Amino acid sequence: MKPAKTLQELIFRLTDFWAGRGCLIQQPYDAEVGAGTMCPETFLRVLGPKPYKVAYVQPSRRPADGRYGENPNRLYKHLQLQVILKPAPADIQDVYLASLEKIGIDLRNHDLKFEEDNWESPTLGAWGIGWQVMLDGLEITQFTYFQQCGGVELDPVSVELTLGLERISSFLQDTESVYQMRWNEEMTYGEVRQAEEQQFSTYNFEMADVATLWKLFELNEQECRRLLEHYRQLKAPGEKARFPVLAAYDLVLKCSHLFNMLDARGAISVTERVAVIGRVRSLACGVAAAYLDQTDASPGSSSGSSDASQPGEKKSEVVAS
Amino acid sequence: MESKQKEFLLEIGTEEIPDWMIEPGLASLKRLLEEGLQRARLSSAEQPVSFQMHATPRRLVAFCPGLVSRQPDSVEMVQGPPKRIAFDSQGKPTPAAIKFAAKMETTPEKLQTVTTPKGEYLACRKKDRGRPTQEILRELVPQAILGIPFPRSMYWEGKAGPRFIRPIRSLLVLFGGRVVPCRIGAVQAGAWTFGHRQLGKPRLRVRDFAGYVETLRRNYVLLDAGERRAKILKEIQGLLASEGGLRLKENEELLNTLVYLAEYPTPVAGQFDPSYLSLPEEVLVTVMRGHQKYFSVEQEGGALAPRFVAVMNLEKDRSGAIRHGHERVLRARFNDARFFWETDGKLSLEQRLEMLKQVTFQSRLGSYFEKAKRMESLAGELARKNGSTPLLAEVQTAARLAKCDLTTELVKEFTELQGVVGGLYAEREGKSKEIATAIYDHYKPQSMEDAVPRTLAGALVSLADRLDTLVGCFGVGLAPTGSKDPFALRRTAQGMIRISIDYPLPLSWRDVVDTTLQVYQEAQQQGQVPSWNKEIVWPELGPFIDDRYRYYLRDVSGYPYDEVNAVLAAAGRSKRWAPFKMLEAVHRIRQTANFEPLAVAFKRIKNILQQAEQKGLFSRRNLEERLLEPGPETELYHLYRATAQRVADHKQSGDFFSALEAIASLRPAVDHFFDKVLVMVPDADLRENRLTLLATLLSEFSTIADFSEIVTAEPKKAGSH
């Protein structure tokens with residue numbers, strides 16, 4: 001297979017590959033996230049016993065990583081291809097390698113190593129065991145067996161593959177700068193995105209109003225807490241089923257993004273940092289517990305299975321301690 | 001009962017195990033298997049079964065060339081009920097005897113009687129036919145595998161499934177060529193292995209160990225770590241030989257990592273643009289080694305060459321794409337480093353001092369800005385007390401600026417370069433070499449192997465940093481407890497002790513801790529740090545330092561524990577700064593003929609004094625020469641006077657060995673004294689004077705080492721150690 005010549009061809013081939021492996025192809029989530037992991041399609045779907053297979057491209061925003069469009073390798077917003085397989089198949093490493101062949105990486109001509117890298121997200125109360133996959137010295141994928149998410153031990157275990165699409169595409173096209181690589185036959189990545197990188201770097205580093213960001217953070221946090229409080233009062237299964245747990249999760253994502261913005265503005269001291277992360281984590285864990293409780297209470301769910309059968313409240317307490 | 005020996009082979013096929021966990025994991029597996037076989041009596045002290053262990057990132061392998069095929073039969077006496085309740089008055093067996101016989105599958109008549117301290121009991125000889133080894137292995141293998149302790153394990157088949165360091169995907173378990181049927185989770189043992197991911201076949205039949213190793217080799221897996229290591233080194237030589245004067249910058253830790261990162265390691269050499277050589281070597285090497293796991297290469301004079309060596313997990317770089325890829329990644333990394341190096345230069349270290357207010361040192365001990373201020377005062381005090389006045393200004397500047405690099409982009413990116421970067425920036429700004437070197441070195445030593453700071457100024461800054469951390473943490477109640485040491489205070493103290501050995505200041509530990517407390521007191525008066533009870537610090541920190549000292553001298557330097565105790569006991573009250581030289585001297589003098597007998601004599605003196613004091617027969621007084629008896633007593637006294645002067649002179653000049661030699665030369669006179677003179681005579685004046693002579697002798701000559709701590713060879717006097 002010849003290397004994918006453009007970024008979009010890379011995306012087509014990868015989504016095609018994973019569709020062929022039974023993955024649902026989702027579309028990017030329409031909220032600011034720092035990583036594909038944060039989308040409900042990962043964070044919530046890996047909870048509970050129900051099998052799920054999904055792949056999607058997720059634009060991921062990391063305000064502190066912005067470089068005004070001047071650094072050839074660093075971006076404020078980059079694209080991740082996120083794959084979740086639940087439960088993790090026994091031959092997942094081979095399947096993953098086959099996906100690399102599909103995008104035109106001949107593994108007999110490249111040096112590929114799985115190097116230890118255990119992923120952890122303190123804001124999500126999540127961690128996993130795995131590797132960074134190194135291709136000729138370039139980190140192209142984060143490969144993780146999820147062990148915990150939202151403070152809940154996972155059963156079954158999901159495997160998460162996160163591919164950095166700009167890096168891979170730039171590698172396949174052998175360009176020195178991410179901005180030179182072709183998005184399609186006509187346009188380069190720089191033509192499509194460079195202005196965006198510059199403007200958002202300016203906003204994130206210089207102009208975003210810290211007081212406003214804090215206010216927004218607190219408003220979203222309050223609203224999320226209010227919802228979670230409300231959910232805990234519910235008893236009737238019918239009321240639980242229609243309760244907007246998913247909306248509460250959107251508020252967690254907003255808090256997380258605002259935290260990243262404040263961080264980029266240098267508005268969070270090292271000591272505060274841990275405390276603020278703890279606040280977001282407690283929301284995330286609260287949502288995870290409510291989500292499990294809700295799916296467990298809904299008709300047709302396979303109740304009685306380990307995690308899902310425990311009351312949600314108890315879990316968020318465990319996590320908060 | 002000869003049983004045929006057969007070979008046993010185990011291969012745990014896994015997904016990639018982190019390189020640093022492979023050797024410890026392998027050692028545990030070996031231990032668990034060998035202990036298991038011992039428990040099963042398949043291995044004994046006379047005929048121990050030992051395993052050969054091998055590993056690659058994807059497999060842990062245990063091999064035993066000869067294992068008996070069956071356990072030896074065992075015979076044991078099983079004890080039953082007491083004889084008195086086993087037979088009735090007519091001598092007929094009671095239900096107790098009948099039940100026991102039935103349990104032993106025999107008849108009551110065939111039971112025997114044994115006599116125990118508790119009386120007579122029924123007993124039965126029970127013969128157990130040994131179980132086949134195959135059966136024992138079936139149980140042992142999964143137990144041993146899942147018993148390996150890993151620092152962080154995972155589950156992959158769900159919570160009910162097995163836990164291991166990474167998923168286990170295959171299991172090869174052969175005993176005498178036959179599969180030992182066992183399983184780990186969903187993986188069933190078989191007679192199959194697998195080759196290199198890209199170059200080998202995925203399913204390979206195995207019959208025996210020799211064939212296994214050969215099959216793997218044909219499928220691009222070098223099982224032996226030593227062979228992989230040799231291959232890497234030899235081929236690097238070949239790569240570098242094509243250009244004159246290039247030499248590998250050796251790095252054992254990196255080599256070991258690479259040996260366990262590839263099943264078929266092959267080095268590939270690459271180049272980078274020489275213009276990057278304008279960046280400091282430390283930065284370039286850190287990028288290459290730390291982030292990319294590349295070796296760096298040096299030129300004849302030792303300067304860095306614009307080359308690197310990566311190690312691939314392949315047999316060759318067919319199209320040159322791999323070299324090209326590695327060069328491309330390195331270029332991007334170097335570009336970042338250069339960007340940081342240049343932008344960091346826009347602010348001086350002095351300007352960055354303000355920024356340290358934003359960086360927390362410890363929530364209750366303030367920011368790094370406050371720490372820097374304290375370090376400045378403390379390092380200055382230490383320099384003053386050491387009489388290093390010419391250095392004073394530079395030591396203070398270095399201490400004040402030492403932490404400023406924490407605000408630089410370069411340190412944020414490469415945290416392991418903290419201190420080093422500060423030193424490099426200080427030099428670039430035109431600070432003196434003394435200041436730059438002190439900042440550069442002030443985190444040293446970072447480990448047991450690491451060197452101490454190269455200069456006195458560096459040592460003083462490092463000490464100030466460490467003392468500030470130790471005293472502060474102990475002050476606010478953050479002393480380590482048990483295995484918990486979140487602020488790495490043990491390592492901090494360890495480094496301080498290492499420095500004290502190379503830079504013996506004329507101070508005691510008590511002095512420096514008090515000095516640090518004074519510096520904190522000023523900060524407390526200004527409200528930067530909460531006040532704490534000054535009195536609580538030393539009683540906790542003193543023994544903590546002592547403990548670390550003991551650990552360093554004994555476990556790291558390898559001195560016998562009694563010599564360490566002797567020297568530390570003598571340092572006792574004052575907690576002298578550097579008994580290390582004294583320890584060296586004690587260690588040397590111990591081999592000489594007079595020493596141990598003298599130690600015995602000193603111990604005797606100590607006992608006599610203790611007993612006399614307990615009985616109220618001795619109160620210290622001044623020695624009166626007129627009361628000395630002519631002969632051995634007077635001779636000992638005169639010899640003591642002469643020796644004391646020599647000892648004092650030697651100590652003054654730091655020649656502890658000669659001082660000890662002089663003390664040891666007292667031995668004949670002391671022995672003679674004890675032979676001829678009775679100490680505990682009835683005459684109180686005479687007795688007290690005699691005891692005073694002994695007490696003087698003991699205290700005068702115990703300032704280097706407390707000889708009564710030395711464990712002597714004579715068993716009856718060795719005490720109860």
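B:Arg328 is found in helix α9 (residues 321–344) of chain B, where helices (H or I, at least four residues) and strands (E, at least two) are DSSP runs, numbered from the N terminus. This is a predicted model, in which local features need pLDDT of at least 70 and side-chain atom pairs count only at pLDDT 80 or more, while totals for chains, interfaces and linings use all residues. Residues are numbered from 1 along each chain as its sequence is written, and chains are lettered from A and ligands numbered from 1 in the order in which they are written.

**Two single residues**

- B:Arg328 counts as partly exposed because it has 19 C-beta neighbours inside 10 Å; a residue is buried if 20 or more other C-beta atoms lie within 10 Å of its own, exposed if 12 or fewer, and partly exposed in between, with C-beta atoms placed from the backbone.
- The C-alpha atoms of B:Arg328 and B:Gly270 are separated by 10.0 Å, although these residues are 58 residues apart along the chain.
- A:Val83 has its place in strand β3 (residues 77–86) of chain A, and A:Val83 counts as buried because 29 C-beta neighbours lie inside 10 Å.
- Not counting residues up to four places away in sequence, A:Val83 touches A:Trp18, A:Cys23, A:Ala55 and A:Leu161; two residues are in contact if their C-beta atoms, placed from the backbone, lie within 7 Å.
- A:Val83 and A:Gln142 are 59 residues apart in sequence, and their C-alpha atoms are 11 Å apart in space.

**Domains**

- Chain A is divided into domain 1 (7–204) and domain 2 (209–320), with bounds that come from an automatic or database domain assignment.
- The centres of domain 1 of chain A and domain 2 of chain A, taken over C-alpha atoms, are separated by 24 Å, and their contact takes 25 residues from domain 1 of chain A and 28 residues from domain 2 of chain A.
- On the side of domain 1 of chain A that touches domain 2 of chain A, the residues divide into 13 nonpolar, 7 polar and 5 charged; Ala, Val, Leu, Ile, Met, Phe, Trp, Tyr, Cys and Pro count as nonpolar, Asp, Glu, Lys and Arg as charged, and the others, Gly among them, as polar.
- Chain B is divided into domain 1 (5–71 + 132–218), domain 2 (76–128), domain 3 (249–344), domain 4 (349–558) and domain 5 (582–717), and the C-alpha centres of domain 2 of chain B and domain 3 of chain B lie 78 Å apart.

**Contact between the chains**

- Chain A gives 30 residues to the contact and chain B gives 28 residues.
- On the side of chain A that touches chain B, at least two residues each are supplied by β4 (112–116), β6 (126–135), β7 (138–149) and α9 (270–297) of chain A, and the largest share, 4 residues, comes from β4(A).
- By class, this side of chain A has 13 nonpolar, 9 polar and 8 charged residues.

**A sheet in chain B**

- In chain B, 3 strands form an open sheet in the order β4-β6-β5 with antiparallel pairing, two strands being paired if DSSP finds at least two bridges between them.
- The edge strands, each pairing on one side only, are β4 (74–82) and β5 (112–116) of chain B.
- Neighbouring strands of this sheet are turned by 45° against each other on average, direction ignored; axes are lines fitted to C-alpha atoms, for helices over the stretch in contact, and angles run from 0 to 180 degrees between N-to-C directions.
- Helix α3 (residues 95–103) of chain B packs on the sheet and touches β4 and β6 of chain B, its direction making about 160° with that of β4(B).
- Between β4(B) and β6(B), which run antiparallel, there are 7 bridges, and B:Val78 has B:Cys124 as its bridge partner in β6(B).
- β5(B) is joined by 5 bridges to strand β6 (residues 119–128) of chain B, and a hairpin connects β5(B) to β6(B) through 2 residues.
- Opposite B:Thr113 stands B:Leu122 in β6(B), while B:Val114 stands opposite B:Tyr121 in β6(B).
- β5(B) is hardly covered, with 0 buried residues among its 5 residues.

**Nonpolar cores**

- The largest nonpolar core has 277 residues, of which A:Val252 and A:Val287 touch the most other members; such a core is a set of buried Ala, Val, Leu, Ile, Met, Phe, Trp, Tyr and Cys residues joined through C-beta atoms within 7 Å.
- Helix α8 (residues 245–264) of chain A gives the largest share of this core, 12 residues.
- Leaving aside neighbours within four places in sequence, A:Val287 is in contact with residues including A:Gly150, A:Leu228 and A:Val252.
- Apart from this core lies another, of 8 residues, among them B:Ala86, B:Ala97, B:Phe100 and B:Leu111.
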